[in-house]
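My notes follow in the order in which I checked each point.

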Amino acid sequence: VQFSSQKYYCLESETLVVLEVLRLKSNGEASSIAWSTKDHTAVSGKSYKGGSGVLHFGPDELRKDIAIEIIDDCNWGGM
């Protein structure tokens, strides 16, 4: 499992960034993976709304999205 991109950029005015998660191959069985946000150049509660969860892939499902809410703090920053 990996993200479709190594980096994601967005404008604060977009209010939401969608991270695409790819399951590289399917063995015909369902699978799940836990995820959580981690601060780097953006800080949870200041630049974005942090979160965590579990993605559940069906037997032949290869793509899922994680939506992260962006906080407009009037400062430029990357995520």
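Predicted model: local features only at pLDDT ≥ 70, side-chain atom pairs only at ≥ 80, totals over all residues.

I then checked phenylalanine 3. Its relative accessibility is 43%, so I recorded phenylalanine 3 as partly exposed.

Next I searched for ring pairs and found one aromatic pair in the structure. It joins phenylalanine 3 and tyrosine 8, whose ring centres lie 6.2 Å apart. The planes stand at 80°, and I therefore classed the pair as edge-to-face.

I turned to the sheet. It is open, has three strands in the order S1-S2-S5, and its pairing is antiparallel. Strand S1 (2-3) and strand S5 (63-69) form the edges, each pairing on one side only. Between S1 and strand S2 (residues 16-22) I noted two bridges, with the strands running antiparallel. Glutamine 2 lies opposite leucine 22 of S2.

I next listed the largest nonpolar core, which has eleven residues. Tyr8 belongs to this core, as do Val17, Leu19, Val21, Ala42, Tyr48, Leu55, Phe57, Ile66, Ile68 and Ile70. S2, strand S4 (52-57) and S5 each supply two or more residues to the core. S2 contributes the most, with three residues.

Last, I asked which residues leucine 55 touches, leaving aside those up to four places away in sequence. I found contacts with Val21, Ser31, Ser32, Ile33, Trp35, Lys64, Asp65 and Ile66. Of these partners, I note that Val21 and Ile66 are also listed in the largest nonpolar core.

Note on methods. Residues numbered from 1 in each chain as written. Heavy atoms only, no water. Pairing = 2+ DSSP bridges. Helix = DSSP H or I, 4+ residues; strand = E, 2+ residues; numbered from the N terminus. Core = buried A, V, L, I, M, F, W, Y, C linked by side-chain atoms within 4.5 Å. Buried < 20%, exposed > 50% of the residue type's maximum accessible area, 1.4 Å probe, protein only. Contact = heavy atoms within 4.5 Å. Phe/Tyr/Trp six-rings, centres within 6.5 Å; stacked < 30°, edge-to-face > 60°.
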